[in-house]
Amino acid sequence: MPLGTEVALTPGLNTLERLYIKLLGVPILGLRVRARTILRLLDSAGTPQRIVDAGSGRGVMVLACARRFPEAVVLGVDLLEQQNVMNNAIAQQLGLADRVSFETWDVLRLPELGTFDLIISSDTLEHLEDDLSGVTMFRQALNPGGRLLVHVPHLTRNLFGWHRQNWMDIEGHVRPGYTREGLIALLQQGGLRVQQCIYNYN
């Protein structure tokens with residue numbers, strides 16, 4: 001099944017949009033590229049019982065985790081209340097409301113929601129003024145032996161020999177991105193042990 005076909009249940013889409021999403025998946029290229037890498041890395045996550053997507057947006061990763069880990073409770077947190085309302089309605093239509101939910105919640109207050117076996121943070125750290133506090137908060141919200149899966153943009157854009165600093169005109173970004181070494185150092189400074197750090201594209 002293509003990634004994000006559940007998005008076709010979003011109210012307000014026309015027939016052509018729904019058909020496209022059902023056949024090809026969510027029409028957001030960057031999300032699809034990120035998800036391909038993230039979902040592959042979940043193979044080494046064991047059998048988490050409590051999962052959170054910190055900055056869940058349209059809920060695609062939350063629903064993908066619910067499929068991948070059918071015994072897990074999966075939570076999406078995001079500041080976009082209307083999006084969370086739609087995501088909860090989709091979870092209800094899919095019959096997943098007993099173990100999938102979306103909360104309007106500040107990611108920096110994640111430990112107040114308890115602890116988790118798996119935390120996914122996709123393109124969140126570059127939005128935080130104090131990213132070290134964000135990493136420390138993630139560590140506090142992890143159960144012993146839990147895993148944090150982080151995706152961030154690289155500091156530079158590299159395409160067919162073209163090399164430049166990442167764009168800063170993306171709403172909410174307070175830094176253009178990270179180098180591999182910089183991200184590893186940040187995670188370690190926040191008290192985490194880095195098992196793997198890879199490039200997925202660009």
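**Close-up views of a predicted model**

**View A. Strand S1 (residues 50–54) and strand S4 (residues 116–122) are paired in the parallel sense over three bridges.** Val52 has Ile119 of S4 as its bridge partner. Two strands count as paired if DSSP finds at least two bridges between them. Helices (H or I, at least four residues) and strands (E, at least two) are DSSP runs, numbered from the N terminus. The model is predicted: local features need pLDDT of at least 70 and side-chain atom pairs count only at pLDDT 80 or more, whereas totals for chains, interfaces and linings use all residues. Residues are numbered from 1 along each chain as its sequence is written, and side-chain values use heavy atoms, with hydrogens and water left out.

**View B. Five strands form an open sheet in the order S3-S2-S1-S4-S5, with parallel pairing.** S3 and S5 are the edge strands, each pairing on one side only. On average, neighbouring strands of this sheet are turned by 20° against each other, direction ignored. Helix H4 packs on the sheet and touches S2 and S3; the direction of H4 makes about 170° with that of S3. Axes are lines fitted to C-alpha atoms, for helices over the stretch in contact, and angles run from 0 to 180 degrees between N-to-C directions. Contact means heavy atoms within 4.5 Å.

**View C. Helix H4 (residues 81–93) has buried residues Gln83, Asn84, Met86, Asn87, Ile90 and Ala91.** Seen down the axis of H4, these buried residues fall within an arc of 160°, so they line one face of the helix. The arc is that of the directions from the helix axis to the C-beta atoms. Buried denotes under 20% relative accessible area, exposed over 50%, and partly exposed in between (1.4 Å probe, protein chains only). Helix H3 (60–68), strand S2 (73–78) and strand S3 (100–104) are among the elements covering the buried residues of H4. The face turned away from the buried side carries the exposed residues Glu81, Gln82, Gln92 and Gln93. After H4 comes Gly95, with a positive phi near 75°.

**View D. Helix H6 (residues 180–189) buries Leu183, Leu186 and Leu187.** These residues cover an arc of only 95° around the axis, which puts them on the same side of H6. The buried residues of H6 pack against helix H5 (131–140) and strand S5 (142–151). Exposed Glu181 and Gln189 lie on the face of H6 turned away from its buried side. Gly191, which follows H6, has a positive phi near 95°.
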